[in-house]
Amino acid sequence: MNATRKEDAVRQALRVYFIMGSSNVPAGIPPELILAEAIRGGATLFQYREKGTGGLRGKARTELAWKLRLLCRERGIPFIVNDDVDLALELDADGVHVGQEDEAASAVRTRIGSKLLGVSAYHEAEAEAAIRAGADYLGVGPIFATRTKEDAKSASGVQAIRRMRELGIRLPIVGIGGITAENAAGVVRAGADGVSVISAISSAEYPREAARRLATAVESALANR
Ligand SMILES: Cc1ncsc1CCOP(=O)(O)O
Ligand SMILES: C=C1C=NC(C)=NC1=N
Ligand SMILES: [Mg+2]
């Protein structure tokens, strides 16, 4: 796939970027059920993000990862692993997402070849470094306040995205942090190609409906941009 076609495919995949790990789902509900509903509602990409004290480890973690990976392959959406490059390679995932404190993006790029590489960026210095390292997209946030990531930085507002675009950053961007169907349009209008959510879908009473409302908000904002 040539560069621009890959970039277009990435932009499309970033529209409703669902992230989940076992600690993000209401007790007793199987994560794979939430993912299936999210995809049915319109999630365009999934990231497996197993974090925190209550997170799964070892065999249980790998087994859940395989379940979710196979579901994404079956439904035809990209499957990305957060942080863990080894797990991503073991699962033949479609990509990896790393933060500033994870394995260096340039080293990850070498290990994963042409798979998707996403890098978290809080401000333009981190964005420029990620671009130099060969990132395919940037995860910019937290845009709004979030309780899902314990060590999240202070919410920057959509200005963080608008500023990156004003500085001429053209790489695909997904906003993240406290995003809901109600505030998603503003994230896209500021210049993001899509929105990334955890709790707006994983904690929703009806995950399929939550995904559908996000997809509708993003698509109408993209149409009017
Ligand atoms: C992983 C991550 N990175 C920045 S904020 C965040 C958590 C997003 O979770 P939610 O969509 O529930 O606010
Ligand atoms: C921290 C993150 C930022 N952005 C994305 C897309 N995923 C993450 N895990
Ligand atoms: Mg990380």
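Which backbone nitrogen lies 2.6 Å from a polar atom of the side chain of D102? In this predicted model, local features need pLDDT of at least 70 and side-chain atom pairs count only at pLDDT 80 or more, while totals for chains, interfaces and linings use all residues. Residues are numbered from 1 along each chain as its sequence is written, and side-chain values use heavy atoms, with hydrogens and water left out.

The backbone nitrogen in question belongs to G99. D102 itself sits in the loop that runs between strand 4 (95–98) and helix 5 (105–112); helices (H or I, at least four residues) and strands (E, at least two) are DSSP runs, numbered from the N terminus. An unreviewed UniProt entry annotates D83 and D102 as "binding site"; such positions are given in the numbering used here, feature names are shortened, and annotations may be inferred rather than shown by experiment. The two are spread over 20 residues of sequence, yet they cluster in space, with a largest C-alpha distance of 6.3 Å.

What about D83? It is found in the loop between strand 3 (79–82) and helix 4 (85–90). With 21% relative accessibility, D83 counts as partly exposed, a label for anything between buried (under 20% relative accessible area) and exposed (over 50%), using a 1.4 Å probe and protein chains only. Neighbours within four places in sequence aside, D83 is in contact (heavy atoms within 4.5 Å) with K51, H97, V98 and D102. The side chains of D83 and N82 are also joined by a polar contact of 3.3 Å. A polar contact is a pair of N or O atoms within 3.5 Å; within protein, one must be able to donate a hydrogen and the other to accept it, and residues adjacent in sequence count only if both atoms are side-chain atoms.

The "binding site" label in the unreviewed UniProt entry also turns up on Q47, Y48, R49, E50, K51, N82, S120 and K149. Of these, S120 lies in strand 5 (residues 116–121) and is partly exposed, its relative accessible area being 25%. Residues up to four places away in sequence not counted, S120 touches H97, V98, G99, Q100, E126 and G139. With H97 there is a polar contact from side chain to side chain, at 2.9 Å. K149, for its part, belongs to the loop between strand 6 (137–140) and helix 7 (159–166), and at 33% relative accessibility K149 is partly exposed.

Note on methods:
Chains are lettered from A and ligands numbered from 1 in the order in which they are written.
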